[in-house]
Amino acid sequence: MAPFNLLYYRPDTVDQALDLFRILSKEQHHPAFYGGGTEILTRVRVQDARFDAVIDLKAIPEVLVHREYQGSAEFGAGLRLTHVANRNLWPLLTATADRVADHTVRSQITLGGNLLSALPYREAILPFLMSDSAEAKVATIGGMRTHRVRDRYDQTFKLKPGDFLVSLVVDGHEIQGLAFKSRKMTRIDWIDYPLVTIALIRRRNGGIRAAFSGWAGFPFVSSRVDKILSNGRRSPSDRAKDAVEHMPMPALSDTHGSRAYREFVTQYTLAGMLEELEEET
Ligand SMILES: Cc1cc2nc3c(=O)[nH]c(=O)nc-3n(C[C@H](O)[C@H](O)[C@H](O)COP(=O)(O)OP(=O)(O)OC[C@H]3O[C@@H](n4cnc5c(N)ncnc54)[C@H](O)[C@@H]3O)c2cc1C
C-alpha cells in the first residue's frame with residue numbers, strides 16, 4: 001500500500017478520461033494519467049511530484065490495442081513492455097523495449113509510460129524516432145488527433161496538459177524485413193540505466209539511421225550523424241569516430257560514466273554495430 005493519499009480513477013472510455021482530467025483540474029487537484037504507475041508512485045512517494053489524483057488508462061480499449069491492421073502495426077500506449085516484446089510485431093521495438101529494467105519491472109511499465117517518462121532514457125522511443133511513418137494518436141478534448149512522432153518530438157514527446165497518448169502506428173512496409181541493430185551498454189550490470197543505448201537501421205536506399213539514449217538528457221536522432229554513418233566508402237571505425245565527434249550535444253558525465261568514457265564506449269559500440277549491420281545486408 002502506498003503511504004500517501006492519492007485519488008484513483010479507472011475510466012472505461014477516452015472521453016471519460018479526458019473529462020476526469022478537466023474536472024479534477026477545475027477542482028484544484030493535480031491529476032496525472034497513469035500507465036504502469038511505477039514512476040508516478042515513486043515520484044509521489046519521494047515528493048518529487050505534486051500529483052494527488054491518477055487516471056489509470058488501462059481499462060480503455062483504444063489504449064490496449066495491439067494489432068496489425070490495414071498494412072500497419074498499432075501499439076496501444078497502455079501495453080506493458082513485456083507484451084510488446086512477446087508479440088514481437090516490430091522486432092526493432094522488441095529489441096529496445098526488452099532491455100528496459102528487468103522482466104518484473106517491464107511487466108508493469110507501459111509503452112506510454114516509458115515514452116512520457118520524466119527520466120532521460122525512454123529507450124522504447126528510439127525505433128519511433130527513426131521511423132518515417134510513425135504516428136501518434138493523441139486524445140484531446142477536441143477529438144482524436146494524429147501526429148507524426150518526429151514532428152511532435154523535441155527532447156520529449158510534446159503533449160498539451162489534459163491530452164494523453166492513445167497509441168502509436170507504423171507502416172508495415174517500413175518495418176517489415178528492416179535490417180537493424182540495437183545495443184544497450186551499461187556501466188557494470190546487464191540490467192541498469194544505459195551508459196548509452198544505440199539503435200541502427202539500414203534503410204532500403206542503403207542509408208543508415210541511428211538513435212541514441214543515455215548519451216544526453218533525452219533520446220535523440222541527428223541527420224548529420226546519419227549522413228556520416230551512411231558514407232559506406234569509409235571504414236566503420238572512421239565513421240564511428242567522426243559520428244561521435246559530430247554529435248549534436250556533448251556526452252553526459254554522471255554516475256554511470258564520465259563524458260570521455262561515454263564517448264569511448266559509444267565509438268567502439270557504434271563501429272561494431274555498423275560492421276555487423278553491413279556484413280548482414
Ligand atoms: C526499476 C526501474 C528500472 C528502469 N529502467 C529503465 C531503463 O533501463 N530504461 C528506460 O528507458 N527506462 C527505465 N525505467 C524508467 C521507466 O521506463 C519509466 O519510469 C516509465 O515512466 C515507467 O512507465 P509506467 O508505465 O510505470 O509509467 P507511469 O508511472 O504510469 O507514468 C510515467 C509518466 O508518464 C505519463 N503517462 C503514462 N502513460 C501516459 C499516456 N498514455 N499519455 C500521457 N501520459 C502518460 C504519466 O502521467 C507520468 O508522468 C526504469 C524504471 C524503474 C522503476
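**Entry 1: the hairpin of S12 and S13**

I began at the hairpin of S12 and S13, where five residues lie between the strands and Gly206 takes a positive phi near 95 degrees. The model is predicted, so I kept in mind that local features need pLDDT of at least 70, that side-chain atom pairs count only at pLDDT 80 or more, and that totals for chains, interfaces and linings use all residues. Residues are numbered from 1 along each chain as its sequence is written, and side-chain values use heavy atoms, with hydrogens and water left out.

Strands here are DSSP runs of E with at least two residues, helices are runs of H or I with at least four, and both are numbered from the N terminus. I count two strands as paired if DSSP finds at least two bridges between them. S12 covers residues 196-202 and pairs with S13 in the antiparallel sense over six bridges. Ile201 stands opposite Arg209 in S13.

**Entry 2: the other side of S13**

I then followed S13 to strand S14, residues 220-221, and found antiparallel pairing over two bridges. Ala211 has Val221 of S14 as its bridge partner. This second hairpin has six residues between S13 and S14, and Gly214 in the turn has a positive phi of about 95 degrees.

How many residues of S13 are buried? Six of the six are, over residues 208-213. Buried means under 20% relative accessible area, exposed means over 50%, and partly exposed is in between, with a 1.4 Å probe and protein chains only. In a regular strand the side chains alternate between the two faces of the sheet. I checked both faces of S13: Ile208, Ala210 and Phe212 are buried on one side, and Arg209, Ala211 and Ser213 are buried on the other.

**Entry 3: the ligand**

Next I looked up the ligand, which sits in the largest pocket. A pocket is an open set of points on a 1 Å grid over the protein atoms alone, where a 1.4 Å probe fits and protein lies on both sides within 12 Å along at least five of seven lines. A molecule sits in one if more than half of its atoms lie within 2 Å of its grid points.

Which elements give two or more residues to the shell around the ligand? I noted strand S2 (31-34), helix H2 (38-45), helix H6 (111-115) and strand S10 (164-171). There are 31 residues around the ligand, and Phe33, Thr38, Glu39, Thr110 and Glu123 come nearest.

One is 2.8 Å, to a polar backbone atom of Gly37. Another is 3.2 Å, to a polar backbone atom of Ala101. Taken alone the ligand exposes 970 Å², and the protein buries 87% of that. These areas come from the Shrake-Rupley method with a 1.4 Å probe.

**Entry 4: two side-chain contacts**

A polar contact is a pair of N or O atoms within 3.5 Å; within protein, one must be able to donate a hydrogen and the other to accept it, and residues adjacent in sequence count only if both atoms are side-chain atoms. Glu74 lies in strand S5, residues 72-76, and its side chain makes such a contact of 2.7 Å with that of Ser167. Glu74 counts as buried because its relative accessible area is 6%.

I found His256 in the loop between helix H11 (236-245) and helix H12 (259-280). His256 has 10% relative accessibility and therefore counts as buried. A polar contact of 3.5 Å joins its side chain to that of Tyr121.

In strand S10 I also looked at Leu168, which is buried at a relative accessible area of 1%. Leu168 and Gly76 are 92 residues apart in sequence, yet 6.4 Å apart in space, C-alpha to C-alpha.

Most residues other than glycine have a negative phi. I noted Gln70, which is not a glycine and has a positive phi of about 50 degrees. Gln70 is in the loop between strand S4 (66-69) and S5. Arg122, also not a glycine, has a positive phi of about 45 degrees and is in the loop between H6 and helix H7 (126-130).

Is each of the two buried or exposed? Gln70 is exposed because its relative accessible area is 69%, whereas Arg122 is buried, at 6%.

Technical notes
A residue is near a molecule or strand if one of its heavy atoms lies within 4 Å of it. On a 1 Å grid over the protein atoms alone, a cavity is a set of points where a 1.4 Å probe fits but cannot get out, and a pocket is an open set with protein on both sides within 12 Å along at least five of seven lines; lining residues have an atom within 4 Å of a point.
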